[in-house]
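Here are my notes on the model. Please read them with the structure open.

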Amino acid sequence: MKKNTTIEKIKAPELITSGWLNASEPVTLASLRGKVVLMHAFQMLCPGCVQQGIPQAQQVFNEFDPERVAVIGLHTVFEHHEVMGRDALEVFAYEYRLRFPIGIDKPNGQHSIPHTMMTYHMQGTPTTILVDKTGHLRLHKFGHVSDLLLGVSIGTLLAEEVSDKELAAASAADQSSDTQPGCDDEGCRV
């Protein structure tokens, strides 16, 4: 595969958000154990996000069984902060009829790069991330991911057998570490 497309099994860091849209409570990766998770990181003013990434995420949300595949958006603003606040995002999500949960990446007072974007070492938007059933990063790609590659990647992760013992071990690991290495109340160090 191409560089920066697939990665070894590394535990996916928990999302650091300041709020959620389309969710009655904050969504955590730990709460999604047992499902394949597609995370689409975007900005409202990103042409590649609006033209390709967001429609692709909505299509995955519409076509896959939500009991097996979770789709979450991450609005991660690293430029034009003043025009991409929560109110604008709510209007954007309504106008584009986005139905999947959207986390608002927590701003970082020390950097223009928000917390989750920094923790995941994202290069920009759009970024596509796949997390397997046990909570491990399996795809991390900056830029557009073709529908074919994304579909095959999701299908491969869905086909992987995961035992109850593996899920229990992943849940136990989640409970034993509330924060990611290098992260504290002040943020995450790169």
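Is Asp132 buried or exposed? Point 2 takes this up, after a word on the model.

1. **Basis and confidence.** This is a predicted model, in which local features need pLDDT of at least 70, side-chain atom pairs count only at pLDDT 80 or more, and totals for chains, interfaces and linings use all residues. Residues are numbered from 1 along each chain as its sequence is written, and side-chain values use heavy atoms, with hydrogens and water left out. pLDDT is the predictor's confidence in each residue, from 0 to 100. The protein chain averages 86, and 86% of the residues score at least 70. Residues 178-190 are another matter: pLDDT stays under 50 there. For that stretch the model has 20 contacts beyond four places in sequence (contact: heavy atoms within 4.5 Å).

2. **Asp132 and Arg138.** Asp132 is buried, at 3% relative accessibility. The cut-offs are under 20% relative accessible area for buried, over 50% for exposed, and partly exposed in between (1.4 Å probe, protein chains only). Asp132 forms a salt bridge with Arg138, with the closest N and O atoms 2.9 Å apart. A salt bridge here is a side-chain nitrogen of Lys or Arg within 4 Å of a carboxyl oxygen of Asp or Glu. Arg138 counts as buried too, at 19%.

3. **Arg138 and Glu160.** Arg138 also bridges to Glu160, where the closest N and O atoms are 2.6 Å apart. This pair links distant parts of the chain, 22 residues apart. Arg138 sits in strand S7 (residues 136-142); Glu160 is in the loop between helix H4 (147-159) and helix H5 (164-176). Helices (H or I, at least four residues) and strands (E, at least two) are DSSP runs, numbered from the N terminus. Glu160 is partly exposed, at 23%. Through shared partners, salt bridges join Asp132, Arg138 and Glu160 into one network.

4. **Helix H2.** The structure holds three salt bridges. One of them pairs Glu90 with Arg86, closest N and O atoms 2.9 Å apart. Both residues lie in helix H2 (residues 86-95), four residues apart, about one turn of the helix. Glu90 is partly exposed, at 35%. Arg86 is partly exposed as well, at 38%.

5. **Gln56.** Gln56 belongs to helix H1 (residues 47-63). Its relative accessible area is 8%, so Gln56 is buried. The Gln56 side chain makes a polar contact with the side chain of Asp147, at 2.7 Å. Beyond neighbours within four places in sequence, Gln56 touches His144, Val145, Ser146, Asp147 and Leu150. A polar contact is a pair of N or O atoms within 3.5 Å; within protein, one must be able to donate a hydrogen and the other to accept it, and residues adjacent in sequence count only if both atoms are side-chain atoms.
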